[in-house]
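Subject: Structure handover and what was found in it

Dear colleague,

I am passing on the structure below, together with some notes to read beside it. Please keep it open while you go through them.

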Amino acid sequence: MFIVSEFEEVVKVQPTHLEDDQMSRIIIHLNSMLANKVVMDVGLCLSLFDILEIGDSIIYPSEGAYFSKVRFRFIVFRPFVEEILIGKVKSSSSDGAVLTTGFFEDIFVPAANMQNPSRFDTKDKVWVWEYDNCGDTVELHMDIGETVRFRVVSEQFVDTHPGVDSGLLDTGEIATSKSKSPYSIVGTVREPGLGVIGWWTDL
């Protein structure tokens, strides 16, 4: 679910921070730039893991700031396809259910990937698995807030970058648009053991 990815970035330290500890300023800059942002084809960046190398600091003519090339690693959320994850139901519609891990909410389980047979309850707006219990139908609800076990079926990156250079070197562009989801996951609960965790302890 989590990976460590390596990046390079030229960090600019403003003149007002020249007396500050260099490492502290670099850490603040990198976390501000990447934390909780999606990097195309990499994943959702969460937190700085470590700094591998800090190059020589350079001050250019007419610039009061100094620039340092930094090689570092970041903790990234990027589950692999077929991985089993745990999430909670955020919302449901006739199209499917949206799940959240608490820090990532672009997980969608389409109607076709619900347990079979299932139906969408339009009154309560929840999915219901019509479980066959030795000839008797038991209705098992996937209520909002329920903890769900699901399998990752696919992932999608959408380039929503406005076109301005992000400053990343050889690692893709940072997608920050709020109108689209730059990174999303499609899951399934249509397998034994998947779906609401309580279903399988009660059966």
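In which segment does Met 1 lie? Met 1 lies in the segment before strand 1 (2–13), where helices (H or I, at least four residues) and strands (E, at least two) are DSSP runs numbered from the N terminus. Met 1 is partly exposed, with a relative accessible area of 33%; here buried means under 20% relative accessible area, exposed means over 50%, and partly exposed is in between, with a 1.4 Å probe and protein chains only.

Before going further, please note that this is a predicted model, in which local features need pLDDT of at least 70 and side-chain atom pairs count only at pLDDT 80 or more, while totals for chains, interfaces and linings use all residues. Residues are numbered from 1 along each chain as its sequence is written, and side-chain values use heavy atoms, with hydrogens and water left out.

**The protein as a whole**

The protein has two helices and 14 strands, and buried residues make up 36% of its 203 residues. If we take the contacts (heavy atoms within 4.5 Å) between residues at least 6 apart in sequence, 67% of them join residues at least 24 apart. The protein exposes about 11,000 Å², of which carbon and sulfur atoms supply 50%; accessible areas come from the Shrake-Rupley method with a 1.4 Å probe, and for residues only the protein chains shown count as cover. Met 1 also belongs to a nonpolar surface patch of about 260 Å², which it makes with Phe 2 and Phe 103. Patches are made of residues with over 30% relative accessible area and no salt bridge, like charges being joined within 9 Å and nonpolar side chains (Val, Leu, Ile, Met, Phe, Trp, Tyr) within 5 Å.

**Helix 1**

Helix 1 (residues 22–34) has 13 residues and reaches 18 Å from its first C-alpha to its last, close to the 18 Å expected at 1.5 Å a residue; the expected span is 1.5 Å times one less than the number of residues. Within helix 1, Ile 26, Leu 30, Met 33 and Leu 34 are buried. They cover an arc of only 75 degrees around the axis, which puts them on the same side of helix 1, the arc being that of the directions from the helix axis to the C-beta atoms. An α-helix has 3.6 residues a turn, so residues three or four places apart point the same way.

**Salt bridges**

The structure holds 11 salt bridges, a salt bridge being a side-chain nitrogen of Lys or Arg within 4 Å of a carboxyl oxygen of Asp or Glu. One of them joins Asp 50 and Arg 73, whose closest N and O atoms are 2.5 Å apart. Asp 50 lies in strand 3 (residues 43–54) and Arg 73 in strand 4 (residues 66–77), so the pair ties together parts that are 23 residues apart in sequence.

Another is formed by Glu 105 and Lys 90, with the closest N and O atoms 2.6 Å apart. Glu 105 lies in the loop between strand 6 (96–100) and strand 7 (107–110), whereas Lys 90 lies in strand 5, so this pair ties together parts that are 15 residues apart in sequence.

The side chains of Arg 151 and Glu 191 also meet in a salt bridge (2.4 Å, N to O). Arg 151 is buried, with a relative accessible area of 16%, while Glu 191 is partly exposed at 25%.

**Backbone details**

A cis peptide bond, with omega about 0 degrees, joins Asn 116 and Pro 117, and Pro 117 is found in the loop between strand 7 and strand 8 (118–121). Just after helix 1, Asn 36 takes a positive phi of about 65 degrees. Asp 41, a residue other than glycine, has a positive phi near 65 degrees; Asp 41 lies in the loop between strand 2 (37–39) and strand 3 and counts as exposed at 56% relative accessibility. Glu 82, which is not a glycine either, has a positive phi of about 85 degrees and is placed in the loop between strand 4 and strand 5.
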